[in-house]
Amino acid sequence: MIVEATRKFTSLAISNQDQLLFGTCPHPLACGLGLTLGAGQVFPEVNFTLPPMSITAATWSDVTAHYEEMAAQILRRAVALAVPGIVLEFELLPAMTDEPEWGAEVTAILKRHLRAAHQKHHLPCALRVTPTDIRDQQKPPLLRTGEPWHRLRRSLELCAQAGADILSIESVGSKEVHDKALMFGDFPGIVFALGVLAPRDMAWLWSEIVAICSAHPDVIPGADSACGFANTAMQLAHQKMLPEVLAAVVRAMSAVRSLAAFEQGALGPSKDCAYEGPVMKAITGMPISMEGKSAACAHFSPLGNIAAAMCDLWSNESVQNVRLLSGNAPEAFTEILAYDCRLMNAATAAGGALALRDWMTASDEWLSPQAAVLSPAATLRIAAAIVAEETPYRQTIAAGRAAADLLKEGVTAEKLHLSRKEQQWLTRIESGLDELPTEEAALIAALEEQYGSLYDKSSYGL
Amino acid sequence: MAQNQDLYDAILNGDAKKAHAATEAALAAGVQPMALIQESMVPAMDEVGRLFECEEYFVPELLLAGRAMKGAMELLKPLLTASGQKMAVRVVIGTVKGDLHDIGKNIVASMLEGSGFEVIDLGTDVSPENFVAAVEQRKPHVVCMSALLTVTMPAMKLTIDALQTAGLRTQVKVLIGGAPVTHQYAKEIGADGYSENASGAVGLVKNLLAEA
């Protein structure tokens, strides 16, 4: 079964570059306890995790003690710094999704802390809960049936019942194909995964998540992230294992599969690690979360400042509950995010948001191909290319072509400096785009021998 | 014998079809399988490794070269078996229990294979019991474990403990890797080595086996 979109985005919600900036969007989102996203201010979204430890029934009391401590300390710092609002994100670890009651228990703990902070300090706040997509436990993964999916579904339901304000996921449908294609630099395989398989799984999965949320009127279907695809490419590029130009083009193309969540009724904010978020914002007009320099606790990136240029939530990605000189790391990173947001909000209040956005953009834009496709101007080019096409397959190709063109123009203008090897890869990507068949059916057939055994066709309605 | 330049170049360029054809041609001309491996295939992969190390090659070039070599090896394996010859070193590799991340593990496996080792890939979410069973059944010289999550790192120690309990620990070298793993952690849990990247892992395997 192929799940059809309940809404299609055929034009841009934001087409004026000057209106594509942090803290504001055409469709602000009220959520949680008195918080509204995208209505003029940027808020911290703090994400936190356990230090190295086993998660078992025997250690469970230690696990919950960590979450009690992290929530208390994060909110203590938020109140001390008078943040105008805050989102806590609880990303379940795999064991907590495998045992859905565990994830729900932690959700309830965190919500209790948020309620207390809201009641005592009138702190606008919300809880985003992100179960782990555990559907890839067997090969080929069964995405729509089987025990992992049933556990994931139950986890989503129990977390919604336990107090989640926003449900999200970093879904992995088609990763079984994309990983291999990416590692071999096989461009048709990458497009097949991102433009044919992934949008099908996204449409199905998000129709399920939206249905779960509709049974819990206070729970918002947030959005997804191409973390398992484009962030994998980004990190491998960071380690010099993949070309940066390939990571940049993959990022642009991944926006199409992430858009499928919104086409099923997701309302945002997109996930912090979805660096394709600005494209979502331009197309849907809904708020997004982003992460950059203040997520260095979790991973490095060449997008530290530019990632903040269009954000509505500003996140640290993930930080372990370990002791630093100042205090525990989650509390320390709450402070870092709070000051980042203060500066953006002060700029907005003083009428300087556009100038700050442009400085954040200019400071990164031409130092990395991945930053070059993330500027407001590049975002609008990629977003416009996507909405001009009708099918996810053609949208994915269009997004890839727009990104490749942007990179080539940057090189021609001598703004973007690529090594010989990166330039060779850019040429190879352009050729790869030109050689793709017009119709996806032809690509599916052409890649059957190479990738057919890696994925379960019924999981994609094929 | 001299290096088979066609085979060497085909592997270096990641051209599986040419590598296959060059191997077939060499065998037809009477070249011994082990000579092809030692004089052409391993040197080609050594050069691929060098190019990767000095950042001239990305992972795709590396993997394509490995695939070309593997394809050629498929022609040679039956001949080696028939003549009683074996691959020198066997490595069991897997991502530990609770962890589904496998890109790093796959790169290490491919590089090990490209360096001439026989690699048995157990996949992801591998329990200590399954590592033990693989060591018992396949008799590897080395066990490599990978973890990307801080909360799955303890499974590395559990696996080493399980090998110890099964009386197999002294029969294998145990190497660990993955983003949150450190040299210090390797020492703490009694692993024989740690590498922060794939090419380092290959060197580590070679060094450990040379010392053994």
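Author: Helices are DSSP runs of H or I with at least four residues, and strands are DSSP runs of E with at least two, both numbered from the N terminus. This is a predicted model, in which local features need pLDDT of at least 70, side-chain atom pairs count only at pLDDT 80 or more, and totals for chains, interfaces and linings use all residues. Residues are numbered from 1 along each chain as its sequence is written, chains are lettered from A and ligands numbered from 1 in the order in which they are written, and side-chain values use heavy atoms, with hydrogens and water left out.

Reader: How many of the residues of helix H5 of chain A are buried?

Author: Buried means under 20% relative accessible area, exposed means over 50%, and partly exposed lies in between (1.4 Å probe, protein chains only). Helix H5 of chain A covers residues 175-183, and eight of its nine residues are buried, so the rest of the structure largely encloses the helix. The buried ones are A:Lys175, A:Glu176, A:Val177, A:His178, A:Asp179, A:Ala181, A:Leu182 and A:Met183.

Reader: Which helices do the buried residues of H5(A) pack against?

Author: Packing is read from contact, meaning heavy atoms within 4.5 Å. Within chain A, the partners of these buried residues are helices H6 (187-214), H7 (227-238), H8 (244-263) and H17 (448-451). After H5(A) comes A:Gly185, with a positive phi near 60 degrees.

Reader: Which residue other than glycine has a positive phi near 55 degrees?

Author: Most residues other than glycine have a negative phi, and most peptide bonds are trans. A:His122 has a positive phi, near 55 degrees. This residue sits in the loop between helix H3 (100-121) and strand E5 of chain A, and counts as exposed because its relative accessibility is 63%. In chain B, B:Glu55 is not a glycine either, and its phi is positive at about 65 degrees. B:Glu55 belongs to the loop between helix H3 (33-53) and H4 of chain B; with 39% relative accessible area, it is partly exposed.

Reader: Where are cis peptide bonds found?

Author: One joins A:Lys139 and A:Pro140, with omega about -10 degrees. A:Pro140 is in the loop between strand E5 (125-130) and helix H4 (146-162) of chain A. Another runs from A:Gly268 to A:Pro269, with omega near -5 degrees, and A:Pro269 is in the loop between H8 and H9 of chain A.

Reader: How many salt bridges does the structure hold over all chains?

Author: A salt bridge is a side-chain nitrogen of Lys or Arg within 4 Å of a carboxyl oxygen of Asp or Glu. Over all chains there are 38. One of them pairs A:Glu45 with A:Arg128 at 2.6 Å, N to O. It links distant parts of the chain, 83 residues apart: A:Glu45 is in strand E3 (residues 43-47) and A:Arg128 in strand E5 of chain A. A:Glu45 is buried, at 0% relative accessible area, and A:Arg128 is buried, at 0% relative accessibility.

Reader: Which chains does the pair of A:Lys139 and B:Asp102 cross between?

Author: Their side chains meet in a salt bridge of 3.6 Å, N to O. The pair runs from A:Lys139, in the loop between E5 and H4 of chain A, to B:Asp102, in the loop between strand E1 (90-95) and H5 of chain B. A:Lys139 is exposed at 63% relative accessibility, whereas B:Asp102 is buried at 12%.

Reader: What is the nearest side chain of opposite charge to A:Lys421?

Author: For charge, Lys and Arg count as positive and Asp and Glu as negative, while His and the chain ends are not counted. A:Lys421, in helix H15 (residues 420-435) of chain A, is buried yet has no salt bridge. The nearest opposite charge is on B:Glu55, 5.8 Å away. Residues up to four places away in sequence aside, A:Lys421 touches B:Glu55, B:Glu56, B:Tyr57 and B:Phe58.

Reader: What does a buried residue such as A:Val279 have in contact with it?

Author: A:Val279 lies in helix H9 (residues 277-284) of chain A and counts as buried because its relative accessibility is 6%. Apart from neighbours within four places in sequence, its contacts are A:Ala255, A:Thr379, A:Ile382, A:Ala383 and A:Ile386. A:Val279 and A:Arg381 are 102 residues apart in sequence and 9.1 Å apart in space, C-alpha to C-alpha.
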